[in-house]
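Thank you all for coming; I would like to walk you slowly through one structure this morning.

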Amino acid sequence: MSTAAAPVRTLRAGTVLADLVPSSRVRDIALVVGGAALTGLAAQVSVPVPGSPVPVSGQTFAALLVGTALGARRGFLALALYAVAGMAGVPWFAEASSGYAMPSFGYVLGMLLAATVVGALARRGADRSVLRTAGAMVLGSAIIYAVGVPYLALATGMTLGQAVAAGLIPFLIGDALKAALAMGALPAAWKLVGRKG
């Protein structure tokens, strides 16, 4: 008597998690709107940081997760929708804020770029192992800060050193925890998909 092994799903190169949903224009629209909404909801999980106009929030984690799961194009569109709707008055930036005049708006712009980059990396398999996911999350976070911190300095009149102290240093531990969550969740999702295939 022989036991048949469970079939293993072979996924083509360049596949991101969202590609596993049957393809259609409606799917793409739903994924983009859903990615924007997820980011807006996660932004409401926020904690003020003493001495900083930037709160700790879930929006950076959501933006990186959206980019990785949806891929570069849909990730960009989801974060662009999030940014444009927030600028137009939808109160779904951190602390239920909206508009572009706030000092933390640079981080939103950084998230748009970061989601695109991590989405492109995910198409190259960066979300399939713990170490590669860690690298993608670190790079995505660095992009967010590379845009957000200088914007914070310009918007508030802080020196770059002050902006780093107020808009980067207090967030490093939280970002490490967010990266650890992604390092566990994304490769686990791929393993689960492989087992069900």
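This is a predicted model: local features need pLDDT of at least 70, side-chain atom pairs count only at pLDDT 80 or more; totals for chains, interfaces and linings use all residues.

Residues are numbered from 1 along each chain as its sequence is written, and side-chain values use heavy atoms, with hydrogens and water left out.

Helix H2, residues 59-70, and helix H5, residues 130-156, pack at an angle of about 125 degrees, and their axes are 11 Å apart; helices here are DSSP runs of H or I with at least four residues, and axes are lines fitted to C-alpha atoms over the stretch in contact, with angles from 0 to 180 degrees between N-to-C directions. H2 and H5 are therefore oblique to each other, a word for angles that are not under 35 degrees (roughly parallel), over 145 (roughly antiparallel) or 65 to 115 (roughly perpendicular).

Which residues meet there? From H2 come Thr60, Leu64 and Thr68, and from H5 come Met137, Gly140, Ser141 and Ile144.

Thr60, in helix H2, is buried, with a relative accessible area of 16%, where buried means under 20%, exposed over 50% and partly exposed in between, with a 1.4 Å probe and protein chains only. Apart from neighbours within four places in sequence, Thr60 is in contact (heavy atoms within 4.5 Å) with Met111, Ile144, Asp175 and Lys178.

Finally, the largest nonpolar core has 47 residues, such a core being a set of buried Ala, Val, Leu, Ile, Met, Phe, Trp, Tyr and Cys residues joined through side-chain atoms within 4.5 Å. H4 gives the most to this core, with nine residues.

Methods. Helices (H or I, at least four residues) and strands (E, at least two) are DSSP runs, numbered from the N terminus.
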